Amino acid sequence: MSPRFAGCALLVVAATPAFAQEMLNMPAATAPSPGVAIPRVQARAYLFEDSQWLLEQTLRLEYGIARDLSVSADLPFFQGFFDPPRPSDGEFGLGDLELNLELRVLREDLNAIDTVRASVFAGAELPTGTNGFGGDSVDPFAGAVVTAIVGRHGLDASARYTFVTGDGLFLPIFASDTPDDFANLDLGYAFRMFPEEYGEERVGAWYATLELNTTWTVGGEHEVLLSPGLLLEAPSYALEFGLQVPLSEERVNAPELRLGLLLGLRLIF
Amino acid sequence: MQASTLRACGLATVALTLVALPTGCASTQTAPSDRNASLAAIGDGTLAPGRYDLVVRGMSCPKCISNVDLQLKRIDGVGEPKVDMKNGVVAITVRDGSAPSRAAVATAISDAGFTLTEIREVPR
């Protein structure tokens with residue numbers, strides 16, 4: 001990691017309150033309270049074939065408009081270590097800014113702990129990318145997500161469809177970079193390892209998470225990733241560690257993904 | 001996955017979202033039925049100075065404590081909340097000279113993302 005990227009990451013992480021009780025790599029039917037703004041950051045490293053690397057840091061700002069309505073903006077930063085002509089030698093660039101409006105349509109609190117929530121969301125990816133890390137078009141998307149927590153078990157399921165109106169990335173990296181529309185279908189399971197039962201004390205909780213993150217394009221390309229992770233969640237912060245292992249990839253003109261790593265820190269106010 | 005299937009799923013998702021968003025926006029700006037039911041169960045009037053246990057559903061993670069803290073502290077006269085996640089109870093103190101409304105407490109819990117089902121006065 002270059003000093004520039006590391007410095008940027010450290011600065012942002014150190015200043016970042018965020019949101020918890022979410023899977024590491026997919027949406028959740030959670031939202032900030034009305035009038036509350038929540039920044040969040042995630043840093044990732046992807047290893048591709050032939051020792052090619054990609055570093056990504058995504059900044060998110062989420063704001064509660066009303067009790068069940070929130071808006072969010074995601075801005076990714078990339079640093080590429082690919083073979084030319086893709087971004088190489090640590091070339092730095094912005095990705096596409098994503099704006100999202102999320103509405104919680106179901107909140108069923110069953111008892112002290114258990115709850116079922118569902119949200120729908122819609123938004124667009126804007127062509128803010130630089131140095132080959134972004135598309136050339138405004139791409140609208142819509143989707144839905146369900147989150148259920150029963151005792152020590154949590155389950156998330158989400159579906160999102162993105163209409164790609166332009167040509168995608170000149171040199172695609174992921175399946176979602178192609179000029180074809182694509183769908184993201186994700187499933188996630190979280191198990192609270194500690195504590196077995198909550199008490200009256202303010203303690204952190206350790207979760208083991210397992211996600212299936214998939215992308216399917218109408219052109220026939222796809223990625224299926226298995227994503228195990230660990231989440232430490234306390235009242236005022238959360239730490240997350242994750243892996244992404246490709247189970248199946250079918251992509252054209254894109255490097256083969258070998259492994260993804262995720263390290264995140266969230267500070268919660 | 002067939003392209004036509006994918007497109008159909010995408011269009012269905014978008015259609016549902018476009019229907020749900022404006023409907024939901026309108027309902028959140030007025031008052032959703034669950035909120036009315038919650039307020040009815042909590043009653044109206046104000047809380048006299050003293051200690052109260054709020055019975056709350058849906059606090060499923062440590063972060064919930066922060067959300068509840070944040071919203072309750074916005075109510076004038078409500079002291080430092082103490083959350084018992086196991087039993088779903090939030091203990092609060094109403095300071096002398098203050099009289100927060102029951103509705104404000106219910107709204108704060110709902111804004112935090114949870115459901116208030118009862119306010120119990122703790123005997124001195």
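Tutor: Start with a term: helices (H or I, at least four residues) and strands (E, at least two) are DSSP runs, numbered from the N terminus. This is a predicted model, where local features need pLDDT of at least 70, side-chain atom pairs count only at pLDDT 80 or more, and totals for chains, interfaces and linings use all residues. Residues are numbered from 1 along each chain as its sequence is written, chains are lettered from A and ligands numbered from 1 in the order in which they are written, and side-chain values use heavy atoms, with hydrogens and water left out.

Student: How many helices and strands are in chain A?

Tutor: Chain A has one helix and 13 strands.

Student: What are the dimensions of chain A along its principal axes?

Tutor: The C-alpha trace spans about 55 × 35 × 35 Å. The radius of gyration of chain A is 18 Å, which agrees with the value near 18 Å for a compact globule of 269 residues. That radius is taken over C-alpha atoms, and the globule rule is 2.2 Å times the number of residues to the power 0.38.

Student: How much of chain A counts as buried?

Tutor: 58% of its 269 residues. Buried means under 20% relative accessible area, exposed over 50%, partly exposed in between (1.4 Å probe, protein chains only).

Student: Now the core. Which residues in the largest one touch the most other members?

Tutor: Leu54(B), Val68(B), Leu72(B), Val90(B) and Leu116(B), out of 36 residues. A nonpolar core is a set of buried Ala, Val, Leu, Ile, Met, Phe, Trp, Tyr and Cys residues joined through side-chain atoms within 4.5 Å. At least two residues each come from β10 (205–217) of chain A and from β1 (50–57), α3 (62–72), β3 (89–94), α4 (102–112) and β4 (115–122) of chain B. The largest share, five residues, is from α4(B).

Student: What does Val68(B) touch?

Tutor: Leaving out residues up to four places away in sequence, Val68(B) touches Met59(B), Val83(B), Val90(B), Ile109(B), Ala112(B) and Phe114(B). Contact means heavy atoms within 4.5 Å. There is also a second, separate core of ten residues, including Phe78(A), Phe82(A), Phe174(A) and Leu225(A).

Student: Is α3(B) mostly covered or mostly open?

Tutor: Mostly covered, with ten of its eleven residues buried. Those buried residues pack against β10 and β11 (222–233) of chain A, and against β1, β2 (82–84), β3 and α4 of chain B.

Student: Switching to charges. How many salt bridges are there over all chains?

Tutor: The structure holds 14. A salt bridge is a side-chain nitrogen of Lys or Arg within 4 Å of a carboxyl oxygen of Asp or Glu.

Student: Which chains does the Glu197(A) and Lys86(B) pair join?

Tutor: Chains A and B: Glu197(A) lies in the loop between β9 and β10 of chain A and Lys86(B) in the loop between β2 and β3 of chain B, so the pair joins two chains. Their N to O distance is 3.5 Å. Glu197(A) is exposed at 55% relative accessibility, and Lys86(B) is partly exposed at 46%.

Student: What is phi for Asn131(A)?

Tutor: About 55 degrees, positive although Asn131(A) is not a glycine. Most residues other than glycine have a negative phi, and most peptide bonds are trans. Asn131(A) is in the loop between β6 (115–126) and β7 (139–150) of chain A. Asn253(A) also has a positive phi, near 55 degrees.
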